[in-house]
Amino acid sequence: MSPARTLATAARVLRQLRHDPRSIALMLLVPCVMLFLLRYVFDGSPGTFDNIGASLLGIFPLITMFLVTSIATLRERTSGTLERLLAMPLGKSDLIAGYALAFGLLAVVQSTLATGLAVWFLGLDVIGSPWLLLLVALLDALLGTALGLFVSAFAASEFQAVQFMPAVIFPQLLLCGLFTPRDHMAPALEAISDVLPMSYAVDGMNQVLRHPDITGDFVHDALVVAGCALLVLGLGAATLRRRTA
């Protein structure tokens, strides 16, 4: 993998996104709008917003980055751009790393906006440091990017890319502990939740919500989310196809 080719790929993706205001709005504004609506849905019960707001602060970026990345990567393949790029001295790892870098930069902006809105404008009450919330939100967004790059290899159209969301995201959403503690679930479902990365993202957010300092559990949760993102990026490079079947 060449750093120069990776940076060139990232710069090209960012130039393309600059001319796609709808994708930029989806990535940057939708998580903020969802948090804003959530805050005032529970206007009469601010404690409820405090309990679930931190978790959703990580879940919303993951979902939006998954959608945008999977569709953008698939568009590259169906338009023939990917075929032309891989005919050049550009490896699959360069391409995946370039996409991850470009969308990762947008994830930094997205996570910063969402965290700042939740903590300093919407009054999300957390005991720990807001910077730790930002860290987990960023890791979640990078995980969503990695998952989007991975599933795009198995979709033949943008519609199919969206269809992967119920299969990849919804089970994690139901089993991550957002609606009920994971140790209250049926043993089989709890075992499944233990291998899903979103579970650790929610656990990490809850650690910041309840503890003033960095805990061992927080470090473990953050490392698991980061490790899953790297693993899925590797799988995305291995399964990347030039053409859509």
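This is a predicted model: local features need pLDDT of at least 70, side-chain atom pairs count only at pLDDT 80 or more; totals for chains, interfaces and linings use all residues.
Leaving aside residues up to four places away in sequence, S199 touches L175, C176, R182 and S193.

## Salt bridges

A search of the whole structure finds 3 salt bridges, and R182, D194 and D203 are linked in a network of such bridges. R182 is buried, with a relative accessible area of 14%, whereas D194 is partly exposed at 35%. D194 forms a salt bridge with R182 in which the closest N and O atoms are 2.6 Å apart. Because D194 lies in the loop between α10 (187-193) and α11 (197-210), and R182 in the loop between α9 (170-175) and α10, this pair ties together parts that are 12 residues apart in sequence. The side chains of D203 and R182 also meet in a salt bridge, with an N to O distance of 2.6 Å. This pair links distant parts of the chain, since D203 is in helix α11 and R182 in the loop between α9 and α10, 21 residues apart.

A further salt bridge joins D43 and R39, the closest N and O atoms being 3.3 Å apart. Here D43 is partly exposed, with a relative accessible area of 45%, while R39 counts as buried at 16% relative accessibility.

## Cysteines

With a cut-off of 2.5 Å between cysteine sulfur atoms, the count comes to 0 disulfides. C176 is in no disulfide, and the nearest cysteine sulfur, that of C228, is 14 Å away. Seen from the other residue, the closest cysteine sulfur to that of C228 is the one in C176, and at 14 Å it is too far for a bond.

The buried residues of helix α8 (residues 158-168) are A161, M165 and V168. They cover an arc of only 95° around the axis, and therefore lie on the same side of α8. An α-helix has 3.6 residues a turn, so residues three or four places apart point the same way. On the other side of α8, F159 and A167 are exposed. The buried residues of α8 pack against α4 (46-78), α7 (130-151) and α9.

## Nonpolar cores

The largest nonpolar core has 48 residues, and those with the most contacts inside it are I59, F66, L133 and I169. The elements that give two or more residues to this core are α3 (30-41), α4, α6 (92-121), α7, α8, α11 and α12 (216-239). Its largest share, 11 residues, comes from α4.

F66, one of the residues with the most contacts inside this core, touches G144, L147, G148, V151, F164, M165, V168 and I169, not counting residues up to four places away in sequence. Among these partners are M165 and V168, which also belong to the buried residues of helix α8. A second, separate core of 17 residues includes M65, A72, A102 and L149.

Methods. Residues are numbered from 1 along each chain as its sequence is written. Side-chain values use heavy atoms; hydrogens and water are left out. A salt bridge is a side-chain nitrogen of Lys or Arg within 4 Å of a carboxyl oxygen of Asp or Glu. Buried means under 20% relative accessible area, exposed over 50%, partly exposed in between (1.4 Å probe, protein chains only). Helices (H or I, at least four residues) and strands (E, at least two) are DSSP runs, numbered from the N terminus. Contact means heavy atoms within 4.5 Å. The arc is that of the directions from the helix axis to the C-beta atoms. A nonpolar core is a set of buried Ala, Val, Leu, Ile, Met, Phe, Trp, Tyr and Cys residues joined through side-chain atoms within 4.5 Å.
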